[in-house]
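Student: I would like to learn how to read a protein model. Could you take me through one, feature by feature?

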Amino acid sequence: MVIIIIMKIHGFRFTDLKIIHRIQGQDRSRKGTGFIGSERGQLAVDYIAGMSIFLLTAAFVFQFMYGLFAPFQSYSDEVTLAAEKSSTVLVERLLVADKSGSRSTVDEGKLNYFMNTRLNYSNRTEYDSALRDLGLLSNEIIFDVNVSVSHTNSTLFNRSGIKNPNGPVLLENLETGTSKRFVLIVNSSTGYNETVYISVRVW
Amino acid sequence: MFDEKGQLHTLEGVASATILLMVMIYAIDATSMTPLTASTSSLRVESELQTLGQDIFNVLDYSEANYTSKLKYDIINWNGTEYIYDGSKYVEVGNATSQNNLNNNLTNILSSTLVKQGIAHKVELTYLINSNNKTVPYTGSIIYAGAPSNNAVIVSRKIVLQDTDNVAATIPDIDPSSNLFNIVDIRLVMWRM
């Protein structure tokens, strides 16, 4: 509002008496030249120039104000799509329990191996290979991923030495895409099964 | 009559209208539309609900070899009663004081997922019945939750029942001459309140 008020004040400066006098003076001087018809509708060039500059300035200020907030605006479309794609690959291809016939069934052994070994950020070869399998690393794109497994009551899943969550530490000031899958962890040799959420965070 | 100052007022009018327009555009663009904004169809929310709903059916429909899945078990044992969530449990519609609450695999999963996230939901079954020598679909409701909003998401799963499944009397045998008992389409409708 303050900016608008300032603009209004500036607006009136362009239409101050000096300009009006000049326009009237020109009109007076033309009256004797014998122009046909009315001379209304003519404006001093400097007034039009002034008004144009003012309007351009106002437009620029508004344009610039969008830019001011750009760092805080969401551009999460790309990371969210990447998160959804990688969570689908993770749950339905990499971790799927063999012969389960269900797309949301995760093998406990595969989950443990993926979380403990493949997402081990200190071993960049393994981590990069996991990123490639998830479709998050190629010549064109580079993302980071952090995977966590939690119970339905939001506590972290902590069974048989699983490193959870794993992957690089989440950055605070970066837009992160999240995809959450509700899956059944099964262990066909022990008969164990439990429903958990697998959250895939990509940035 | 011959006052020519009107031209200046016109340009000032144009200038102020432009500023007003820019302010309005800026204000509208700056206002965020949340998933709860009335009559806003958020594709992101719908997509999340769809994934969650499919995951719920996938998890419920999983079974070890030669075992009946939890989802099929619940359908077989459904007694035809309609239930509604009362804030803590699924009670009979119109008979909330009775102790015949619905407590099965389906409600266990729904309580730990949709209820916790504040997602309204209803569950319907469509199965075949024989009526006037014709086989027609019939829809019954297991969990009722009023009319869904325009942004509701539906996920469904088809379950084939055999004579050997010992289905409760609610769902009829559409072909007594064969082992096919009925085909049930279970639908989960989810929406944000």
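Tutor: We will go through confidence, then the sheets, then the core.

Tutor: This is a predicted model, where local features need pLDDT of at least 70, side-chain atom pairs count only at pLDDT 80 or more, and totals for chains, interfaces and linings use all residues. Residues are numbered from 1 along each chain as its sequence is written, while chains are lettered from A and ligands numbered from 1 in the order in which they are written.

Student: What is the average pLDDT of chain B?

Tutor: pLDDT is the predictor's confidence in each residue, from 0 to 100. Where it is low, the predicted coordinates should not be read in detail. Chain B averages 84, and 89% of its residues score at least 70. Within chain B, helix α1 (residues 6-30) has the lowest confidence, with a mean of 81, and β5(B) has the highest, at 92. For the complex, the predictor gives an ipTM of 0.72 and a pTM of 0.70.

Student: How many helices and strands are there in chain A?

Tutor: Helices (H or I, at least four residues) and strands (E, at least two) are DSSP runs, numbered from the N terminus. Chain A has 6 helices and 4 strands. Their order from the N terminus is α-α-α-α-β-α-α-β-β-β.

Student: In what order do the strands of chain A form a sheet?

Tutor: Two strands pair if DSSP finds at least two bridges between them. In chain A, 4 strands make an open sheet with mixed pairing, in the order β1-β3-β4-β2. β1 (105-107) and β2 (145-150) of chain A are at the edges with a single partner strand each, so one side of each has no neighbour in the sheet. The twist from one strand to the next averages 40°. Angles like those of helices run from 0 to 180 degrees between N-to-C directions, and axes are lines fitted to C-alpha atoms, for helices over the stretch in contact.

Student: Which strands pair over 11 bridges, and in which sense?

Tutor: β3 (residues 177-187) and β4 (residues 192-202) of chain A do, in the antiparallel sense. Look for A:K180 opposite A:S199, and A:S179 opposite A:V200. The hairpin of these two strands has 4 residues between them, and A:G191 there takes a positive phi near 85°. β1(A) and β3(A) run parallel, joined by 3 bridges. In that pair, A:V106 has A:I185 as its bridge partner.

Student: How many residues of β3(A) are buried?

Tutor: A residue is buried if 20 or more other C-beta atoms lie within 10 Å of its own, exposed if 12 or fewer, and partly exposed in between, with C-beta atoms placed from the backbone. β3(A) is mostly covered, with 8 of its 11 residues buried. Of the 203 residues of chain A, 23% count as buried.

Student: Which residues have the most contacts inside the largest nonpolar core?

Tutor: In soluble globular proteins, nonpolar side chains tend to be buried together. A nonpolar core is a set of buried Ala, Val, Leu, Ile, Met, Phe, Trp, Tyr and Cys residues joined through C-beta atoms within 7 Å. The largest one here has 63 residues, and A:V106, A:V183, B:I56 and B:V59 have the most contacts inside it. Strand β6 (residues 180-192) of chain B gives the most to this core, with 7 residues. A second, separate core of 5 residues includes A:M51, A:F54, B:A15 and B:I19.
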